[in-house]
Amino acid sequence: MQLIPRHDPYLVVRSTGGLTVAALRGELDLVLVRHLRPELDALARESDALTVDIRRLSFCDATGLGLLAHCAGRVHRRGARWRLLCDQPWILRLIRLTALTDVLHPEPGPPDFLDEPDAVVGPPDPLGRPAPADRPNPLGPPRPVARPVPTGPVAPLPFEPGVTGPVA
């Protein structure tokens, strides 16, 4: 498969030795899905091994997940290899809640997979070890995992204007 290089701020495609990597950027919503669908369809139809890297997405909604599931299904039906690189907890949770884990098979992937200077590094180390000096952590310092829950009497939540009582 020969790809025609073009400048697209939302999709970077690299193909070497039968492996095709498509890195998505931006907000994967209805507008971007309509823009990317033809090219991702072509990649899913023609690639021997397709890796889709969504670690740089800043947003993903149901239409975005639908596009990813469509591509994964097409790749699986052809007998080709599919990989989805994702290390963002909120997207992983969305995939799990929509029961698409068995279809998309998300995995974190190597941090320097794209071999680009601005490649995103993985999440902070769970043991609190510092990131290597040559690759700063773009996510900043790790946040505390848990906060103590206050005990004692709980004040009732106020009702919103126009609401007369709880809905049964």
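A salt bridge is counted here when a side-chain nitrogen of Lys or Arg lies within 4 Å of a carboxyl oxygen of Asp or Glu, and by this rule the structure holds four salt bridges. The model is a predicted one, in which local features need pLDDT of at least 70 and side-chain atom pairs count only at pLDDT 80 or more, whereas totals for chains, interfaces and linings use all residues. Residues are numbered from 1 along each chain as its sequence is written, and side-chain values use heavy atoms, with hydrogens and water left out.

Strand β3 (residues 49-60) pairs in the parallel sense with strand β4 (residues 81-85) over five bridges. Between β3 and β4 the chain passes through helix α2 (residues 62-78), and this β-α-β crossover is right-handed, meaning that, with the strands pointing away from the viewer, the path from the first strand over the helix to the second runs clockwise.

On the accessibility scale, buried means under 20% relative accessible area, exposed over 50%, and partly exposed in between, using a 1.4 Å probe and protein chains only. E107 at 28% counts as partly exposed, as does R83 at 27%. By contrast, R55 and D53 are both buried, and their closest N and O atoms in a salt bridge are 2.8 Å apart.

In helix α1 (residues 30-46), D41 and R37 lie four residues apart, about one turn of the helix, and their side chains form a salt bridge of 3.9 Å, N to O. D41 is buried at 14%, while R37 is partly exposed at 32%. A network of salt bridges links R37 and D41 with R74.

Turning to the cysteines, a search of the whole structure for disulfides (cysteine sulfur atoms within 2.5 Å of each other) finds zero. For C60, the nearest cysteine sulfur is that of C86, 8.3 Å away. C60 is buried at 4% relative accessibility, and C71 is buried at 2%.

Conventions:
Two strands pair if DSSP finds at least two bridges between them. Helices (H or I, at least four residues) and strands (E, at least two) are DSSP runs, numbered from the N terminus.
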